[in-house]
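Below are my notes on the model, as numbered points. They take the sheet and its helices, then the charged pairs.

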Amino acid sequence: MTAVWIWDKKLIYSGPDKGRFFRIRKALEKDGIKYEVAIQNLEYTKLLTLRLLVGNLGKEEPDYKYWFYIHVHKKDQERAEYWVRRTP
């Protein structure tokens, strides 16, 4: 797989929904659109200081620990965004 230069990449999806992330990837693959993914572990990027000062205040923790990103080449952006809109 050929790497895409950063200035040629466009972000088409960013979010915590793992199911949607995989459905979008599958749609891109079916359409022959090359893509790159990144997954960020949010568990280690929390604001611990604020949490220690204020506590949870009775609020539940979010049930996601990862944030998913999909990038495509800018020439494929329009087609890829079509699949993002069509994927629930």
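**Notes on the sheet and the salt bridges**

1. Leu 11 stands opposite His 71 in S3. S1 and strand S3 (residues 66–73) are paired in the antiparallel sense over 6 bridges; two strands count as paired if DSSP finds at least two bridges between them. Helices (H or I, at least four residues) and strands (E, at least two) are DSSP runs, numbered from the N terminus.

2. This is a predicted model, in which local features need pLDDT of at least 70 and side-chain atom pairs count only at pLDDT 80 or more, while totals for chains, interfaces and linings use all residues. Residues are numbered from 1 along each chain as its sequence is written, and side-chain values use heavy atoms, with hydrogens and water left out.

3. The sheet is open and has 3 strands in the order S1-S3-S2, with antiparallel pairing. Strand S1 (9–15) and strand S2 (35–41) are at the edges with a single partner strand each, so one side of each has no neighbour in the sheet. From one strand to the next, the twist averages 20 degrees.

4. Helix H1 (residues 18–30) lies across S1, S2 and S3 and runs at about 20 degrees to S3. Helix H3 (residues 77–86) also packs on the sheet, where it touches S1 and S3, and its direction makes about 10 degrees with that of S1. Contact here means heavy atoms within 4.5 Å. Axes are lines fitted to C-alpha atoms, for helices over the stretch in contact, and angles run from 0 to 180 degrees between N-to-C directions.

5. How many salt bridges are there by this rule? The count comes to 5, where a salt bridge is a side-chain nitrogen of Lys or Arg within 4 Å of a carboxyl oxygen of Asp or Glu.

6. One of them joins Arg 79 and Asp 31, at 3.3 Å from N to O. This pair links distant parts of the chain, 48 residues apart: Arg 79 is in helix H3, and Asp 31 is in the loop between H1 and S2. Arg 79 is partly exposed at 39% relative accessibility, and Asp 31 is partly exposed at 30%. The classes are buried (under 20% relative accessible area), exposed (over 50%) and partly exposed in between, with a 1.4 Å probe and protein chains only.

7. Asp 76 forms a salt bridge with Lys 75, with the closest N and O atoms 3.4 Å apart. Asp 76 is buried, at 9%, whereas Lys 75 is exposed, at 64%. Asp 76 also forms a salt bridge with Arg 79, at 3.7 Å between the closest N and O atoms. Through shared partners, Asp 31, Lys 75, Asp 76 and Arg 79 are joined into one network.
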